[in-house]
Amino acid sequence: MKSIYNYTLEELESYFLNIGEKKFKATQVFEWLYRKRVQSFDEMSNIKKDVIDRLKEDFELNTLELLEHKSDIDVHKFLFRLTDNEKIEAVLMNHDYGNSICVSTQVGCNMGCSFCESGRLKKIRNLETSEIVLQFLLVEKLLGIKITHVVIMGIGEPFDNYDNVMNFIDILNTGKGIDLGARHITLSTCGIVPKIKEFAEFGKQVNLAISLHAPNNTLRNKLMNINKAYPIEQVIDAIKEYINKTNRRVTFEYILLKGVNDTKECALELSKLLKGMNCYVNLIPYNETSHIEYKKSSQEDIMNFYDILKKNNIGVTIRREFGSKVNAACGQLRSKYEEVK
């Protein structure tokens, strides 16, 4: 039986038309699911009993099982179990501008970035739309808060699960449902060029972030396997095309690794690479893990890198550090849980 959380409003409208009902019932169901957050179809009091019975036959109102919840200053880390016993993570971060959730899109990841804990455990499968949606719904319920921003950069490569992720964004953004503004949603990709081009046609003003992490192919090849398929020149060309089509500013994520990509030379090369683009760089202090040898750059090197970008007129921020005490880096909590087991 399929989860009803897999369905966009448009898909539910098609469902109701196919069973001989008016499509406005899809809007009613959406409001019960995402505004009133009902736990059963029987609670949908403005829908006829025969329609409720049909919904029970065709759909389930499923959930995720909470395995662990850890918290630190302004951060909560959740480990969920799926129905097939696989595990995924979500992270809630409290900012001065609101509450931001980072959701996973796959069980494991095949991108194989050398600095990333998620990539150590290879992709087992894509998450269904419902399994991404439920991360959002459950964290709101567990913490009793309203989530104001969504970041799609947890475990997995979103563009490797494109259709389900786009449906998730559609459900978030639908006015009769969660009604989260598209500009409050950020999708992060390691740089799958054909999907960047496809995403340019998506039609919603979702923020796009590119995990770059190096200013040249030689270094990026060592850090990110995806660069061997889509080298930096192709990624940059695709992003320029994306910017021209959408008129949206793009974020380049850059994790600073001590003695690897945090040098003055790297900063200057990155400045040259991004010169003139409608973009900014988000510098990320590395969250160290016991399984990977990379170390976090010193505060001095982080600030020197920042200053060089600034002096070269590249917009730049330094990401605030969250949750080093709760294994908040992607994949850390899942990895640790599996080791204990």
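The accessible surface of the chain comes to about 15,300 Å², and 46% of that area belongs to carbon and sulfur atoms; such areas come from the Shrake-Rupley method with a 1.4 Å probe, and for residues only the protein chains shown count as cover. This is a predicted model, in which local features need pLDDT of at least 70 and side-chain atom pairs count only at pLDDT 80 or more, while totals for chains, interfaces and linings use all residues. Residues are numbered from 1 along each chain as its sequence is written, and side-chain values use heavy atoms, with hydrogens and water left out.

**Overall form**

- The chain has 12 helices and 14 strands, where helices (H or I, at least four residues) and strands (E, at least two) are DSSP runs numbered from the N terminus.
- For 341 residues a compact globule would have a radius of gyration near 20 Å, and the 21 Å of the chain agrees with this; the radius is taken over C-alpha atoms, and the globule rule is 2.2 Å times the number of residues to the power 0.38.
- Along its principal axes, the C-alpha trace spans about 70 × 50 × 35 Å.

**Interior**

- Of the 341 residues, 55% count as buried, meaning under 20% relative accessible area, whereas exposed means over 50% and partly exposed lies in between (1.4 Å probe, protein chains only).
- The largest nonpolar core has 106 residues, of which Met-44, Leu-55, Val-150, Ile-239, Phe-252 and Val-281 touch the most other members; a nonpolar core is a set of buried Ala, Val, Leu, Ile, Met, Phe, Trp, Tyr and Cys residues joined through side-chain atoms within 4.5 Å.
- Apart from it lies another core, of six residues, including Met-93, Cys-102, Val-151 and Met-153.
- Not counting residues up to four places away in sequence, Met-44 touches Val-29, Trp-32, Leu-33, Val-38, Ile-52 and Leu-55, where contact means heavy atoms within 4.5 Å.

**Individual residues**

- Thr-27, found in helix 2 (residues 24-34), is buried because its relative accessible area is 18%, and, leaving aside neighbours within four places in sequence, Thr-27 is in contact with Leu-9 and Lys-176.
- Most residues other than glycine have a negative phi.
- Asp-179, although not a glycine, has a positive phi of about 60 degrees; Asp-179 lies in the loop between helix 5 (162-173) and strand 10 (185-189) and, at 48% relative accessibility, counts as partly exposed.
- His-213 also has a positive phi, near 70 degrees; His-213 is placed in the loop between strand 11 (207-211) and helix 7 (217-223), and counts as buried at 4% relative accessibility.
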